[in-house]
Amino acid sequence: MISMIMVLNQKGDIMISRQYRDDVSRAAADSFRLQVIAAKETGTQAPVKRIENCSFLYTRHLNMYFVALTRSNVNPALVFEYLFQKIKILKAYLGEDFDENSMRNNMTLIYELMDETMDFGYPQNCAVDVLRLYINLGNIRPQDEPEPSQLTSQITGAIDWRREGIRHKKNEVYIDVLESVNLLLSSTGSILRNEVTGQVQMNTKLTGMPECKFGLNDKLVIEKESAAQRKPGVEIDDCTFHRCVRLGKFDADRTITFIPPDGEFELMRYRVTDNINLPFRIIPAVQEEHGKPKVSINLKVIANFSDKLFATHVVIKIPVPKNTAKAKIKNSFGRAKYEPEQQAIMWRVKRFPGKAECMLTADIDLMPTVRPTAWNRPPIDVEFQVPMFTASGVHVRFLRVYDKSGYHTNRWVRYITKAGGYQIRI
């Protein structure tokens, strides 16, 4: 696994280093300084460098390099996740913009954190909430001293993301289902790419150590529960979960069971590729008049979602030729303007009602050029947000909270769909 962790400044000098195995030495920093820092590879090359049978995996924070050294065939994703978690921990203790001086002024704290977060090259406990229970230096305020048995279970046990004894006056759970629609249509209207990536964000304010059971309208779950469901479920692919979710139960019966962290966290991510309800249908028509320096563009936009909903911050970027002189634009609502720096007509609509249709026509005058070149026609780009709408059809069926005291929990659910890469070729 990881043999050594180093923190170097922008000159390549070692500020802090911790050796976990004896197969590398501090002299390796010279190789890294000469072949990476002096060669100015950061930002242009991959953050992995192989020098003299030693792998250097690194990331930057301000003007400092956090470097992991290893001679074994490690999983690079694991190493980078540890480096990112290390920076996150230091931000919690030293502040968001910790620099070289704050690192030098807190050497004892940093070495203590290095020893707690890694053992013999294997990453250990990287949860800030647990670390601050027994490392109370820096800006982290010490909590009430826990019982030794509680401390041992949190350090070595499975539930290190939540401490015992949490109390809230009101027990509430806020759920946000956020989706991004990715679409690429050809100039003939055929679909080249169509998928939705989503994430479920939660903010829990619950007393004690409750167990939660979360349910979506997953197609596999609904088919198991009843073969005669009136509403079909959604086929959800590529699920990834927060580490609090019990993956064994999900693999066995597709139920999402977990003891949640206190506060905000991302419960899961998912992807849907079938039966996507596109929020907007866009029909472009572009006509170039041969022999005349003119281009005419007609665009029809149809909102496919319910008339009880509306889209906000709608921006449609309609590309025009580089040698455009002026554009005469007519649109049914919103504001449309030719912006030369964007080489496009920018059509902005603050509030787009559901089931509405709108038109834009533009007559574009072109400047004559010495060498006429064909217009390559970039795609139309669309940005939008649609509250209380999911393009995939995913919705929350239930959230059950089980606690020994049996208290009542208030639940709020919000849906937001926005454009990811929403493009239509012309």
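**Close-up 1. The salt bridge between R414 and D176 in the predicted model.** R414 is partly exposed, because its relative accessibility is 42%, and in this predicted model its side chain meets that of D176 in a salt bridge with 2.7 Å from N to O. R414 belongs to strand β23 (residues 410–424) and D176 to strand β8 (residues 172–185), so the pair ties together parts that are 238 residues apart in sequence. D176, with a relative accessible area of 19%, is buried, because buried means under 20%.

**Close-up 2. The salt bridge between R269 and E266.** The closest N and O atoms of R269 and E266 are 2.8 Å apart. R269 is partly exposed at a relative accessible area of 40%, and E266 also counts as partly exposed, its relative accessibility being 25%.

**Close-up 3. The salt bridge between E339 and R348.** Here the two side chains meet with 3.0 Å from N to O. E339 is buried, with a relative accessible area of 12%, whereas R348 is partly exposed, with a value of 39%.

**Close-up 4. A network of salt bridges.** R193, E195, D238 and R271 are linked with one another in this network. The structure as a whole holds 13 salt bridges.

**Close-up 5. The aromatic pair of F258 and F265.** The count of aromatic pairs in the structure comes to 14. In the pair shown here, the ring centres of F258 and F265 are 6.5 Å apart and the ring planes stand at 70 degrees, so the pair is edge-to-face. Both of these residues, F258 and F265, are buried.

**Close-up 6. The aromatic pair of F280 and F305.** This pair is edge-to-face, with 5.6 Å from centre to centre and 85 degrees between the planes. F280 lies in strand β14 (residues 280–289), while F305 lies in the loop between β15 (294–303) and β16 (310–319), so the pair ties together parts that are 25 residues apart in sequence. F280 counts as buried at 3% relative accessibility, and F305 counts as buried at 1%. F280 and F305 also belong to one aromatic cluster, which is formed together with F333, F352, F384, F389 and Y422.

**Close-up 7. Charged ends of arginines over aromatic rings.** The charged end of R351 sits over the ring of F310, at 3.6 Å from the ring centre. The charged end of R18, in turn, sits over the ring of Y20, at 5.8 Å from the centre of that ring.

Definitions and conventions
Residues are numbered from 1 along each chain as its sequence is written. This is a predicted model: local features need pLDDT of at least 70, side-chain atom pairs count only at pLDDT 80 or more; totals for chains, interfaces and linings use all residues. Side-chain values use heavy atoms; hydrogens and water are left out. Rings of Phe, Tyr and Trp (its six-membered ring) pair if their centres lie within 6.5 Å; planes under 30 degrees apart count as stacked, over 60 as edge-to-face and the rest as tilted. Buried means under 20% relative accessible area, exposed over 50%, partly exposed in between (1.4 Å probe, protein chains only). Helices (H or I, at least four residues) and strands (E, at least two) are DSSP runs, numbered from the N terminus. A charge sits over a ring if NZ of Lys or CZ of Arg is within 6 Å of the ring centre and within 35 degrees of the ring normal. A salt bridge is a side-chain nitrogen of Lys or Arg within 4 Å of a carboxyl oxygen of Asp or Glu.
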